[in-house]
Amino acid sequence: MRLSPSHDVPGNTTTALPPHFLPDISPRPTKIKPMPETASPQPDHAPTKGDKKAAPPKPATTKPDDDVVGKAYDGRIMRRLAGYLAPYKLQTGVSAAAILLKAFTDIAGPFLLAVTIDTYLAPEAGKQHWLTHFLSRTPLTGVTEIALLYLAALSITFGLEFVQTYLMQWTGQKIMFDLRSQIFRHIQRMHIAFFDRNPVGRLVTRVTSDVDALNDMFTSGVLAIFEDICSLSFIIVVMLSMSWPLALLTISVIPGIAYATHLFRKHVRDSYRRQRAATAKINSFTQEYVSGMSVVQLFNREKRAFRDFSAVNLENKEAWTDAIFAYALYYPVVEFLASIAIALVIWRGGIAVLGATQHTWLSHHLYVTASGASAYSLFGNIVTLGTLIAFIRYAQRFFYPIQDLSDKFNILQAAMAAAERIFKLIDTVPDIPAPAKIIPGDHSGRIEFRNVWFTYQQLTTDQEAALQQIRRENASSQIRHSERSAAESKNPEAAHLTSTAQTLSTSNPNTQQPTTNNSPADHPLLRDIEWILRGVSFTIEPDHTAAIVGHTGAGKTTITALMMRFYDVQSGTVLVDGVDVREQDVHALRLRFGIVLQDSFLFTGTIAKNIRLGTESITDEQVERAAEEVNVADYIRSLPEGFNTPVIERGATLSTGQKQLISFARALAHRPGILILDEATSSVDTETELRVESALARMITGRTSVLIAHRLSTVQRADTILVMHKGQLREQGSHQQLLAHRGLYYKLYQLQYKDQELAALTATGSPATA
Ligand SMILES: Nc1ncnc2c1ncn2[C@@H]1O[C@H](COP(=O)(O)OP(=O)(O)OP(=O)(O)O)[C@@H](O)[C@H]1O
């Protein structure tokens, strides 16, 4: 709690004026602002009495980088942050000038008070202020004139305060706007693997609370520190000029305050770290249990869930209690030390005002200096009643900025940590690098996988190096092979001789292989990686339909993700439209695809907007036709607002099947070159599926299509069926060919066929074993 005029001059019996008579130009509000959060996932300060701005808990993330307590000042980060201020130089400059002027006008009040007392209320012969001399030569003589001067200083201070507050808050909001836009734009550019690694909560925190922490720094941190430093400097200069021995007495308690601040910060820091962890747990716990409430209630887990919740709730409470204890102790301690300083000033200044005759034996001997001169003569000559009263006011104000600085230090620390996390996000380069030279595809719709190895795992530097080596070896082998082929085609005779020479020169039959194909699985560093795709090669010819089948987790969806370059392969090549996807413009590449997933994603907006998905060239008629083709138009029209019915909460009011059909319409309306249907009809009933099937037949005609389906009935008509098993392409061919092969597909088919037969028999009441 800050020193306030009503109780900050204990036992001031030596002055002619009672303490409440002591005016102050800018009495500061009582404010306690405990240490703000570095990650700001919870209220940014403890709910202490007197602080009206206690914020509700903010969502927290559980990842370690949210737990970092950074440095209070980091030159590198500060320089970068200053860059955001650059467009608002004028506003910042005016604010800074206002602060400087305000710090100056702030000190005028006590000074005018001293003049009033020494000149008019309790004048002493031979002790006159220079200002009194100065004012005596102007019309400003008398209490009224000085009161007017005082009022003028007060008005200027308020005016400056308004200018500074308004401009700084305005600038802060502008910077936050710029920063949020930059973060969001950057997040949108990130590759899909980035979102696998960064949970939603963490990214939301970056855009919200971390940006808020920076706002605090811009609006009340940096400039407030500047203001505090200006105030402190002016007050110190004024105090020293008034009476340096009294000034030294005031400053004498600073080491005590510094030590108390050090202990306090240490304690609060630890407690905040625990709070962050506990709040993160509460948030994720609540989120998980609220989303899974039906399962909780179904399995009667309420009591158990409440017990678990109480445990994390208690952790949070205890961490808060510790912080509150520290705050409750720290502010009175600082206040006590400040009061000691002021008591010292009153005591020593009072003696000086009363004159040498009234000092005690102790004070006389205490203040005899080594040179033999009596120190109180120093006071005696300088300290008037007015000076002493003004000095006490300055001494009180001296402790405001000191308390404030410790507070601002916390804001800075929080902002540095937030800035570090924000910059880390902004500096994350997409793992999907843009090609040096873009090669557009031929729009044929041809898809080819050449010996593709892929893992979602992040590889170590050594593993990356090993892969690079393999890629280099395979590429040079490929070049040699191409050169040889070219030579053979030009001169078959020479080619024959070369080939014979090679055969004779070595007994190793491998040298006759046209190309080397080193496999990552053979490398000691790469052997233990959990490869999702292991050397997958296939071709889907233009306008053909390929179906990918296989057990759950076999890598089917992964194959389609690689076609659209959501991830880059670690080894091998994926070609779409005849060109390596890494050499194409990624936006143009993705525009080629239309996709319907098992878990359709709808955005907030209307149904029509979800079908159009921002492509304004799609007309209302086309939207409706697409919906008709997939048999969902009647349903949409039956809704109160038809195609303009709002979609809320990712389509919470629609069934999974309806969402799938809307996604179908979306894919159809966009007329993509390549269509991917990943379990696209898994959630619609058989009747609807049959109707969608005819739409499907139309959809896949004239474009390359990739179907992923567990129901083999859906895939039978595909031109080619790829059978995946544990990341490997085990079989490939048409339905009939694969059945004849009697391999994996045959087994899968038999299993499903038996299941269906069984289901049919059960439905008709026949014995299951029949
Ligand atoms: N984003 C991801 N991060 C890490 N691992 C993943 C990711 N997506 C999939 N996997 C893993 O990759 C493997 C293949 O997944 P994929 O989704 O390709 O299988 P699938 O054959 O389509 O399975 P399903 O039939 O169940 O859809 C699985 O073991 C899965 O755990």
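## A walk through the predicted model

The end C-alpha atoms of residues 147-167 are 30 Å apart, and this span is 100% helix and 0% strand. Keep in mind as you look that this is a predicted model. Residues 147-167 are one of the stretches that carry the UniProt annotation "transmembrane region", which comes from an unreviewed entry; the others in that record are 246-264, 324-347 and 367-392. For residues 246-264, the distance between the end C-alpha atoms is 28 Å, with 89% helix and 0% strand.

Let's turn to the nonpolar cores. The largest one has 65 residues, and V452, F454, A547, I548, I611, A665 and I721 have the most contacts inside it. Helix α21, residues 656-669, supplies the largest share of this core, with 7 residues.

Leaving aside residues up to four places away in sequence, I548 touches K556, I559, V706, I708, L722 and M724. One of those partners, K556, also belongs to the group of residues around the ligand.

Which residues surround the ligand? They are D196, Y456, I532, G550, T552, G553, A554, G555, K556, T557 and T558. By type, this shell divides into 3 nonpolar, 6 polar and 2 charged residues. Helix α16, residues 556-563, gives the largest share of the shell, 3 residues.

Follow the chain on from α16 and you reach R565, in the loop between α16 and β4 (571-576). R565 has a phi near 55°, a positive value in a residue other than glycine. Is R565 buried or exposed? It is buried, because 20 other C-beta atoms lie within 10 Å. N300 also has a positive phi without being glycine, near 50°. N300 sits in the loop between α9 (293-298) and α10 (302-354).

Our last stop is L675, in strand β9, which runs over residues 674-678. Why does L675 count as buried? The reason is that L675 has 25 C-beta neighbours inside 10 Å. Not counting residues up to four places away in sequence, L675 touches G594, A667, M699, I700, R703 and S705. Take the pair L675 and R703: they are 28 residues apart in sequence, while their C-alpha atoms are 7.2 Å apart in space.

Definitions and conventions
Residues numbered from 1 in each chain as written. Predicted model: local features only at pLDDT ≥ 70, side-chain atom pairs only at ≥ 80, totals over all residues. Helix = DSSP H or I, 4+ residues; strand = E, 2+ residues; numbered from the N terminus. Buried ≥ 20, exposed ≤ 12 C-beta atoms within 10 Å, placed from the backbone. Contact = placed C-beta atoms within 7 Å. Core = buried A, V, L, I, M, F, W, Y, C linked by C-beta atoms within 7 Å. Near = placed C-beta within 6 Å. Nonpolar A, V, L, I, M, F, W, Y, C, P; charged D, E, K, R; others polar. UniProt positions renumbered as here; feature names shortened; annotations may be inferred.
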